[in-house]
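Take a moment to look over the fold before reading on. Then follow the paragraphs below with the model open beside you.

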Amino acid sequence: SGSSDPYCLVKVDNEVVARTATVWKSLNPFWGEEITLCLPRGFHSLAVYVLDEDTIGQDDVIGKVSLSHQQISAKPQGIDSWLSLAPVNPDQEVQGEIHLELRVPERGHPRVLHCHLIQARDLAPRDPSGTSDPFARVSCCGRTLETAVIKKTRFPHWDEVLEFELAEGELGEAVLSVEVWDWDIVGKNDFLGWVQFPLDTLCKNPTRGWFQLLPFPSTTEDHGGQLGALRLAVRLVEDTVLPPHHYQPLIQLLTEPILCPGQPPEGTALAVLEEVTSGESRQDVATKLVKIFLEQGLVVPLLDYLTTRELARTTDPNTLFRSNSLASKSMEQFMKAVGLPYLHEVLKPVVNRIFEERKYVELDPGKMELSRGRRISLKGSLSEAQVRESSLELLQGYLGDIVDAIVGSVDKCPLPMRVAFKQLRRRAEERFPLAQHEEVRYFSVSGFLFLRFFAPAVLTPKLFGLREQHAEPRTGRTLLLLA
């Protein structure tokens, strides 16, 4: 059809850890998915594979983007850019680990490097039988030695010691490399992975353990975007988490203005935090604040504190809570934290029906495809007016069901949300008491409940867990018009 059905697989050290939804019939897919992974400190690489989903047969691999631990760590603010897809050669995809013991005795002349190759596990299958015939090749200071070949296994046990004499002056930049290969009686041997160790490190400290096998460093050859490019935003955060009592002074400092409301607000930790938080970090700060105050049972007073401060700063009620302030972001995160099951109960039936029916809906004359009328009417193509009329009828039907579901869900709305909105309404009335501002009390609540909760979930159900897949273009257009 001239298009693809792309999705992404995320791999850490060749283990699949996440999958995006499939975007149907598109060469320019937008996923917009955020994945948080807890990784071991010693991980080596993160790779994203782009594949084309096929209903019959195997999915086609389009290309991949691979980032090493060093590349990601080098940019603490994160990587956010278009990266060209590189081709994927199945023979170069490695996996598994090797168990080694490496040591150089402190005394003796000449000094001898002992390389004990114990075993390997979970190697890539390279033979039709689903196994491999692995052997290890060790290179150091211009010499190469090999272990025996262990037939038909992905879990070889060698238990061999290979020794290398080290001449004085060879230790500077020299490295020991251990490669694992699959032996083939006919043709070339297949590469299974390698690891490297600087010699000067081994001379200081014996090394023993399991080591992740890595692919040969990929060439920096740019394929000129022939396979396309993937836009990624990747950020590595390495946190040291201490026992809970270490955080008590910080929690006390943050909760102080809530628990002791009499003090001047300007000097409090929350007020200072609000002042110094920049736009890009506001989401992170809001998420963490909501989590901390939920744990302390003080999230509703926190929201009351933040929204009251914002109300005091607002002179025009029409701009109330429209910016991405700390108050707005905190309320947004709060609704997601406590209201997601409620959101599912309210919206899921209607959203599922929209996905299943896949009706053609369009109100913009410039975007109407009148030939689609044949699918709607057996009498031939429909006129612009007929498409608009049928679209309006469908949209009003869906919208009526959505509004009825929301209005009829009062008793299901989580109590913390209802209390938070009751306080918000009261604060808005106190701040704008005049009769001409009577509606502000409602706008202050609906601005959050509809604009930041229900409408975004209707627009992109996948990001709120309402659907497992993104909408295909026709359904996506319906959801956009409804939102």
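**A walk through the model**

Cys 413 is buried, with a relative accessible area of 11%. Here buried means under 20% relative accessible area, exposed means over 50%, and partly exposed lies in between, using a 1.4 Å probe and protein chains only. Cys 260 is partly exposed, at a relative accessible area of 43%. The structure holds 0 disulfides, a disulfide being a pair of cysteine sulfur atoms within 2.5 Å.

This is a predicted model, in which local features need pLDDT of at least 70 and side-chain atom pairs count only at pLDDT 80 or more, while totals for chains, interfaces and linings use all residues. Residues are numbered from 1 along each chain as its sequence is written, and side-chain values use heavy atoms, with hydrogens and water left out.

How far does the predictor trust its own work? The score to read is pLDDT, the predictor's confidence in each residue, from 0 to 100. The protein averages a pLDDT of 87, and 93% of the residues score at least 70. Over residues 373-378 the pLDDT is below 50, and this stretch has 8 contacts in the model beyond near neighbours in sequence. Contact means heavy atoms within 4.5 Å.

Now go inside. In soluble globular proteins, nonpolar side chains tend to be buried together. A nonpolar core is a set of buried Ala, Val, Leu, Ile, Met, Phe, Trp, Tyr and Cys residues joined through side-chain atoms within 4.5 Å. The largest one here has 57 residues. Phe 293, Phe 334, Leu 347, Met 417, Phe 421 and Phe 454 touch the most other members. Helix α7 (residues 326-357) gives the most to this core, with 14 residues. Helices (H or I, at least four residues) and strands (E, at least two) are DSSP runs, numbered from the N terminus. Apart from this core lies another, of 29 residues, among them Ala 124, Val 138, Leu 202 and Leu 213.

Which residues does Leu 347 contact, leaving aside its neighbours within four places in sequence? They are Ile 402, Phe 454, Ala 457, Val 458 and Leu 466. Follow Ala 457 next. Its place is in helix α11 (residues 440-459). Ala 457 is buried, with a relative accessible area of 0%. With neighbours within four places in sequence set aside, Ala 457 is in contact with Leu 343, Leu 347, Phe 464 and Leu 466. The C-alpha atoms of Ala 457 and Leu 479 are separated by 9.5 Å, and these residues are 22 residues apart along the chain.

Burial is also found at Glu 274, which has 10% relative accessibility. Glu 274 lies in helix α4 (residues 269-276). Not counting residues up to four places away in sequence, Glu 274 touches Leu 306, Arg 309, Arg 313 and Leu 326.

Turn to the strands. An open sheet of 4 strands has the order β9-β8-β11-β12, with antiparallel pairing. Two strands pair if DSSP finds at least two bridges between them. β9 (143-146) and β12 (190-198) stand at the edges, each with a single partner strand, so one side of each has no neighbour in the sheet. Even so, 7 of the 9 residues of β12 are buried, so β12 is largely enclosed by the rest of the structure.

Strand β8 (residues 134-140) and strand β11 (residues 175-182) pair over 7 bridges. Ala 136 has Val 180 as its bridge partner in β11. β11 and β12 pair over 8 bridges. There, Glu 179 has Trp 194 as its bridge partner in β12.
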